[in-house]
Amino acid sequence: MLASEDRCLLRLARRKLSPWKNPMYPRSYLFVPGNRPERFDKACAAGADAVIIDLEDAVPPTAKAQARDAVMSWLRNGGRAYVRANAVDTEWYKDDIAALRTCRSLQGIVVPKAERADLLSNLANEISDEAALLPLIETAVAFDDLRSLAKVPKVERLLFGTLDFQVDTGIQGDGDELVYFRSQLTIASRIAGIAAPVDGVTAAIDDAQRIRRDAVRARNLGFRGKLCIHPKQIEHVHVALRPCLEEIEWAHRVLSAVQESDGSAISVDGKLMDAPVIAMANDIVCSSVAESATEPRHTASSDGGAGAS
């Protein structure tokens, strides 16, 4: 339950809220293999904001059709999830889309190896109005047409397939080596007016420090979500993507000063607060207040601290 002050500040912060700044989009997307239907409900109960049932990499060729049938049966019986279809250049793509396109309980289709805006637009025309598209940006070709991909109707946000992208480009390393490309995803998303992008998976399952460090780095580069391959990663991702306590306290002071200023110039902590700084405080309040107050929060010194890259 939000305190009255929090509700007031949240209303203030949301006055000019756009999809880009909306904190209600998923922070975490948990993958579950499409050929393991006994895990679908467990995945949905694991604590992730969203679940992606995978028909692509997680399913061997001999099990593709059976996995698709299992996914459709689960969705028709009340299941809700995103589904990663097979890539457009595979023999399974058309059957995947034919099955998914009219499914009303489908949250969206994760499109692997998305490279062409025209093909993505065709897919947007085929699926139900309730479903979204989440293109996986995994190749150099995709980056060459990134802004067009981001502007396709029904594209909710862009996902960065970091591992496949490294294979495609020969880039070795997931840190500074990919800063430029992560920044391009952020810029393209902002220009298109869609939700902030989602970072790729961290292969480490039990290394909490690595998971949080990766998620904090992504947040610092404008990302507001992360792909997860194991339930153990979810809490660490949520903690890392939330503003730290020092940021939240600062943002509350700024917005409280705005409320009390009656339009006059304001200063907080001895610094003049202009429009961009107030907008930053808006974003922080939206991100923090809209989330559950019961979840743990990291401090500026944890896992490299706020602003760590």
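The following conversation goes through a predicted model of one protein chain.

Visitor: What should I know before we start?
Guide: This is a predicted model, in which local features need pLDDT of at least 70 and side-chain atom pairs count only at pLDDT 80 or more, while totals for chains, interfaces and linings use all residues. Residues are numbered from 1 along each chain as its sequence is written, and side-chain values use heavy atoms, with hydrogens and water left out.

Visitor: How many helices and strands does the chain have?
Guide: The chain has 13 helices and ten strands. Both are DSSP runs numbered from the N terminus: helices are H or I with at least four residues, and strands are E with at least two.

Visitor: What percentage of the residues is buried?
Guide: Of the 309 residues in the chain, 50% are buried. Buried means under 20% relative accessible area, exposed means over 50%, and partly exposed lies in between, with a 1.4 Å probe and protein chains only.

Visitor: Which residues touch the most other members of the largest nonpolar core?
Guide: They are Ile53, Leu75, Ile109 and Leu133, in a core of 60 residues. A nonpolar core is a set of buried Ala, Val, Leu, Ile, Met, Phe, Trp, Tyr and Cys residues joined through side-chain atoms within 4.5 Å.

Visitor: Which helix gives this core its largest share?
Guide: Helix α3, residues 64–76, gives the largest share of this core, with five residues. A second, separate core has 13 residues, including Tyr29, Ala50, Val198 and Val201.

Visitor: What is leucine 133 in contact with?
Guide: Leaving aside neighbours within four places in sequence, the contacts of leucine 133 include Ile109, Val111, Leu120, Pro153 and Lys154. Contact means heavy atoms within 4.5 Å. In the chain as a whole, residues 24 or more positions apart account for 69% of the contacts with a separation of 6 or more.

Visitor: Back to α3. How do the axes of α3 and α4 lie?
Guide: The axes of α3 and helix α4, residues 93–100, come within 11 Å and cross at roughly 10°. That makes α3 roughly parallel to α4. Axes are lines fitted to C-alpha atoms, for helices over the stretch in contact, and angles run from 0 to 180 degrees between N-to-C directions. Angles under 35 degrees count as roughly parallel, over 145 as roughly antiparallel, 65 to 115 as roughly perpendicular and the rest as oblique.

Visitor: Which residues meet there?
Guide: Arg68, Met72 and Leu75 in α3 meet Asp95, Asp96, Ala99 and Leu100 in α4.

Visitor: Where is tryptophan 92?
Guide: Tryptophan 92 is in the loop between β3 (81–84) and α4. Apart from residues up to four places away in sequence, tryptophan 92 touches Pro61, Lys64, Arg68 and Asn86.

Visitor: Is asparagine 86 buried or exposed?
Guide: Asparagine 86 counts as buried because its relative accessibility is 3%. This residue is in the loop between β3 and α4. Among the residues that asparagine 86 touches, beyond four places in sequence, are Leu55, Glu56, Lys64 and Trp92. Asparagine 86 and aspartate 54 are 32 residues apart in sequence and 8.6 Å apart in space, C-alpha to C-alpha.

Visitor: New topic: how many disulfides are there?
Guide: The structure holds zero disulfides, a disulfide being a pair of cysteine sulfur atoms within 2.5 Å. Cysteine 44 counts as partly exposed at 36% relative accessibility, whereas cysteine 103 is buried, with a relative accessible area of 8%.

Visitor: What about phi of lysine 113?
Guide: Lysine 113 has a positive phi of about 50° although it is not a glycine. Most residues other than glycine have a negative phi. Lysine 113 lies in the loop between β4 (106–111) and α5 (117–126).

Visitor: And phi of lysine 154?
Guide: Phi of lysine 154 is also positive, near 75°. Lysine 154 is in the loop between α7 (146–150) and β6 (159–160), and is partly exposed, with a relative accessible area of 27%.
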